[in-house]
Amino acid sequence: QVQLVESGGGLVEPGGSLRVSCAASGLTFSVFRMSWYRQAPGKERELVASIVGTDDLTNYADSVKGRFAISRDNVKSTVYLQMSYLKPEDTAVYYCNARHRVFINLAYWGQGTQVTVSS
C-alpha cells in the first residue's frame, strides 16, 4: 500500500533552519505532484509548497517565499522542504501530500511532523 512517512520535525529557534523529509513508497513517485501542507492549532490546513513535472516546477505560499525551498529526489522517492529564517508563525504540523498529475482524485497524505519555532 501507499505510505508517506515524514521526518525531520522538531524545535528550532526563530531565525533558524530545519529540513523535513517525506519518503514515499507504493507509488510511481515521478508521476505525482508532491506538496507540503501545514496546520497550526485552530487554523485550517494550508498549502506551503509543491513540486511537479520533469522540470520540477515549484510554487510557494506567499508567506514562505524566499525562506522555504521544496525539492525532490525521484530515485529515493523523497521530497524535502528546507525551511530557513523560521518564524514563530511557522509553527505547525507539516503534512506531505502526493497527488497524481493526471488522476487528481488519487491522493495520499502522510501522518505529519511537528515543527515548533520558539525561543
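# Exercises on strands, a loop and aromatic pairs

Ser-77 is found in the loop between E7 and E8. Strands here are DSSP runs of at least two residues, numbered from the N terminus. This is a predicted model: local features need pLDDT of at least 70, side-chain atom pairs count only at pLDDT 80 or more, and totals for chains, interfaces and linings use all residues. Residues are numbered from 1 along each chain as its sequence is written, and side-chain values use heavy atoms, with hydrogens and water left out.

## Exercise 1

Classify Ser-77 as buried or exposed, and list its contacts.

Solution. Start with the cut-offs: buried means under 20% relative accessible area, exposed over 50%, partly exposed in between (1.4 Å probe, protein chains only). Ser-77 has 17% relative accessibility, so it counts as buried. Next, take contacts, meaning heavy atoms within 4.5 Å. Leaving aside neighbours within four places in sequence, Ser-77 contacts Cys-22, Ala-23, Ala-24 and Phe-29.

## Exercise 2

Find the strand order of the open sheet of 4 strands, then its edges.

Solution. The order is E1-E3-E8-E7, with antiparallel pairing. Two strands pair if DSSP finds at least two bridges between them. E1 (3–7) and E7 (68–73) are the edge strands, since each pairs on one side only. From one strand to the next, the twist averages 15°; axes are lines fitted to C-alpha atoms, and angles run from 0 to 180 degrees between N-to-C directions. Ala-69 stands opposite Gln-82 in E8.

## Exercise 3

Determine the geometry of the pair Phe-32 and Tyr-108, then of Tyr-95 and Trp-109.

Solution. The structure holds 3 aromatic pairs. Rings of Phe, Tyr and Trp (its six-membered ring) pair if their centres lie within 6.5 Å; planes under 30 degrees apart count as stacked, over 60 as edge-to-face and the rest as tilted. Phe-32 and Tyr-108 have ring centres 6.1 Å apart and planes at 45°, so this pair is tilted. Phe-32 lies in E4 (residues 32–39) and Tyr-108 in E10 (residues 107–109), so the pair ties together parts 76 residues apart in sequence. Phe-32 is buried at 3% relative accessible area; Tyr-108 is partly exposed at 25%.

For Tyr-95 and Trp-109, the centres are 6.5 Å apart and the planes at 85°, so the pair is edge-to-face. Tyr-95 is buried at 14%, while Trp-109 is partly exposed at 38%. Tyr-37, Tyr-95 and Trp-109 form one aromatic cluster.
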